[in-house]
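Thanks for coming, everyone. I'll talk through some side-chain contacts in one protein structure. Please have a look at it first.

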Amino acid sequence: MTPADFSRLRIGQGFDVHALAEDRKLILGGVDIPHTRGLLGHSDADVLAHAISDAILGAARAGDIGKLFPDTDPAYAGADSLKLLAHVADHVRQLGFTILDVDSVIAAQAPKLSPYREQMRQNLADAIGIPVEQVGVKATTTEWLGFEGREEGISASAVCLLCRC
């Protein structure tokens, strides 16, 4: 690649966190995961989809999901975060970008997420409109440290590579 090629590439980073709460579903990467509590938020509170959305928007220098989908707007109450992610992907394509790759990490002490990893990857790839091979999802515990370790909430971080090509 030449220096001109690199100038067309953009990297974005996203992060999201939600508290665990009673009487909520636990939705991660669009998968309804059996658990005693779910994530609290205005939408379905899918921290993984939110972190990836922010990474994509950040790479495009197009703000964040709070700008596109404010939690003060009742239209987004209970919204499906994969649909919001699909809208984000369409938005950055309209800005002239191609989504090349997404990688992410979920931090949660419980439940064990590895059985759901491949379905999360597929759901996210479908929403973004890229092959599943271009979507990474990992999960980690925090070894009982921090709010994730105390099972008070779950966080996710993501990176995205875009190209204006």
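How many salt bridges does the count come to? Six. A salt bridge here is a side-chain nitrogen of Lys or Arg within 4 Å of a carboxyl oxygen of Asp or Glu.

Before the details, a word on the source. This is a predicted model, where local features need pLDDT of at least 70 and side-chain atom pairs count only at pLDDT 80 or more, while totals for chains, interfaces and linings use all residues. Residues are numbered from 1 along each chain as its sequence is written, and side-chain values use heavy atoms, with hydrogens and water left out.

Now, some of those salt bridges. Start with Arg121. Its partner is Glu118, and the closest N and O atoms are 2.7 Å apart. Both residues sit in helix α5, residues 117-128. They are three residues apart, about one turn of the helix. Helices are DSSP runs of H or I with at least four residues, numbered from the N terminus.

Is Arg121 buried or exposed? Arg121 counts as buried, because its relative accessibility is 13%. The cut-offs are these: buried means under 20% relative accessible area, exposed means over 50%, and partly exposed is in between, using a 1.4 Å probe and protein chains only. Glu118, at 43%, counts as partly exposed. There is a network here too: salt bridges that share partners join Arg117, Glu118 and Arg121.

Next pair. Lys25 bridges to Asp32, with the closest N and O atoms 3.5 Å apart. Lys25 is exposed, at 57% relative accessibility. Asp32 is partly exposed, at 44%.

One more. Glu152 and Arg150 meet through their side chains, 2.9 Å from N to O. Glu152 has 40% relative accessibility, so it counts as partly exposed.

Let's switch to cysteines. A disulfide is a covalent bond between the sulfur atoms of two cysteines. The test used here is a pair of cysteine sulfur atoms within 2.5 Å. Searching the whole structure turns up one disulfide.

Which cysteines form the disulfide? Cys163 and Cys165, with their sulfur atoms 2.2 Å apart. What about Cys160? Cys160 is in no disulfide. Its nearest cysteine sulfur belongs to Cys163, and that is 11 Å away.

Cys163 is buried, at 5%. Cys165 is exposed, with a relative accessible area of 56%. Cys160 is buried, at 3% relative accessibility.

Notes
Helices (H or I, at least four residues) and strands (E, at least two) are DSSP runs, numbered from the N terminus.
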